[in-house]
Every structure is written in C-alpha cells, then in structure tokens.
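Open the model in your viewer and have a selection tool ready. The tour goes stop by stop through side chains and their partners.

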Amino acid sequence: MGRCFKNLNFSIGVAMATMVVAMALVSLFWTPYSPNTMDVRHRMEGPSMAHPMGTDQYGRDLLSRVMFGAVNSILAGIVTVAIGMGAGIVLGLISAWGGQLTDEVIMRLSDLLFGFPAILSAILITAVLGPSAINAMLAIGIFYIPVFARLTRASSLTVKGLDYIAAARAGGQAEVAIIRRHVLPNILSPLIIQATVQFAVAILAEASLSYLGLGAQPPHPSWGRMLNEAQTFMELSPWMALFPGMAIAWTVLGFNLLGDGLRDILDPRLR
C-alpha cells in the first residue's frame, strides 16, 4: 500500500472517490433537510448558513439533494459495471476458449453493439422499456458487455499460449479448472483498471440520461435531473446548476484518476 500511495494519481483519486462514497453513505442516514421537502417561502435563495448550497425553485435544500444524488450515481456505477463485467467476462472466456466459430459469432455481435454510440443505445433501450433509474442502469450495463468481453478475450488469448497453461494441461487439469485457477487470476489487473474507468463513465452516462428525462424520475434527486431543472433559472439562480455540475465533475475526475493510478501500479511495464 505504501508503494500504491506514492503514485500521485492513485492518491488523489482515492481521496476524491472516498469523499463521494462517504457523502453517499452519510446521506442514507442524515441530510440537513429532507431532499424532497418543499418550502416555497425560501425558494431560489442563494447559499447561506441555513442552506450552504442554496435552494431550488421549490425551496428544496440543494446540499441535501446533492448528497442524496450521490447515492443514485454510485449505485448506477456499481450496477452497470457489475452487469457489463459479469456478462462480459463470461462471453470473453467463451470466445477465447470455445473455438473459431464461437469466437467469430461473439465478436461480430460485439462489433454490432459497438456500431451504436453509447448514449444513443441507452436512449433507445430506455425509450422502449420506459424512463426510470433501473432501466437507465440496465441500458448502460448492456453497452458495457462488449467492452469487457473484448478485453477478456484479448487477455485470455495472451495467457492461453503461455507455458504454465501447457503444464497444467499436461498435469491433467480440466479446461474449466485451468480457467479458474490460472487464467482469471492473471487477467484481473486489466479488468479492474477497465472497471474503474467505466465506473466514472457510467456516472456521467447516468447523469446524461437523467438530464434527458430518461433516468431517475422526479422527485428522486439525481445530479443530471437537477441540471435539467436548473437550466431555466441560470440567470436568476446559477448555483442551482453549479453545485450538481461540480459534483459530477468531481466524481468523474476522481474515479478517472483512480483508474489511471491503478493502471500505473498494476501494469509492470509502467512501473
């Protein structure tokens, strides 16, 4: 761990990501005000001691809503990466070990999914299934499947030709046991790095879908939805857009720096 924290990107990324996660955990038990409580007498007030980030057009406390919105963003990152990584690793291993025909079919399906931009694919899926936070996470997670599948396939093919795999086969180990004991542990590093980077992208994608009205629905706090509601009042109350935007930028930057740091640490060629 001492060597890890000597890496500047990793140290800054851990600090920034920890603050976001801590804010999300705290908001589950405490926020200065109820995130959805309206107080029209104090609507669109600027930052003050009572409301450090001000209030929105309904008098709701922005600090409370930003804090609770972190839960939605962190949950979106976890669910989407879990979907993409879980299905992608399985498909990537099948592609690498299942023969030429299987490999060709899986890779061409991956190319088909890659042919559509991520946000466009997510908009299509949420438009069919209906706008909600769960459907937005599902849509982003489906797009991540070919990302992890291709990475798993490439890493597995590299490991597959090494001498210790041949020795395991000569020792009578089954292919499933070889994959579990020898292949997966040796391809985890690039997968962990990719998961960290995609976590940040998932938060940004979820905010984009919420901004378009296809993610979390009112009155549930969401950073993207808060930006959408704030655009009408930019001249009167710029803080309504400033603080959710800063929260998105902080979170995405933190997890990107964390991913860059992990890449430097886990890749022996970059040490």
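Select S95 and D103. Their side chains make a polar contact at 2.3 Å. A polar contact here is a pair of N or O atoms within 3.5 Å; within protein, one must be able to donate a hydrogen and the other to accept it, and residues adjacent in sequence count only if both atoms are side-chain atoms. This is a predicted model: local features need pLDDT of at least 70, side-chain atom pairs count only at pLDDT 80 or more, and totals for chains, interfaces and linings use all residues. Residues are numbered from 1 along each chain as its sequence is written, and side-chain values use heavy atoms, with hydrogens and water left out.

Stay on S95. It sits in helix α2, residues 62-97. Helices are DSSP runs (H or I, at least four residues), numbered from the N terminus. Is S95 buried or exposed? It is buried, at 2% relative accessible area. The cut-offs are under 20% for buried, over 50% for exposed, and partly exposed in between (1.4 Å probe, protein chains only).

Now show the surroundings of S95. Leaving out residues up to four places away in sequence, S95 touches D103, I106, M107 and R153. Contact means heavy atoms within 4.5 Å.

Next, select R153 with D103. The two form a salt bridge, with the closest N and O atoms 2.6 Å apart. R153 is in helix α5 (residues 133-160) and D103 in helix α3 (residues 100-114), so the pair ties together parts 50 residues apart in sequence. A salt bridge requires a side-chain nitrogen of Lys or Arg within 4 Å of a carboxyl oxygen of Asp or Glu. By that rule the count is seven. R153 is partly exposed at 23%. D103 counts as buried at 15%.

Move along helix α3 to R108 and D111. They are three residues apart, about one turn of the helix. Salt bridges that share partners join E104, R108, D111 and R150 into one network. Zoom in on the R108 and D111 side chains: their salt bridge is 2.7 Å, N to O. Both ends are partly exposed, R108 at 41% and D111 at 31%.

Last stop: R60 and D56. What joins the side chains of R60 and D56? A salt bridge does, at 2.8 Å from N to O. Color by accessibility here. R60 is buried at 3%, and D56 is buried at 3%.

Note on methods: Helices (H or I, at least four residues) and strands (E, at least two) are DSSP runs, numbered from the N terminus.
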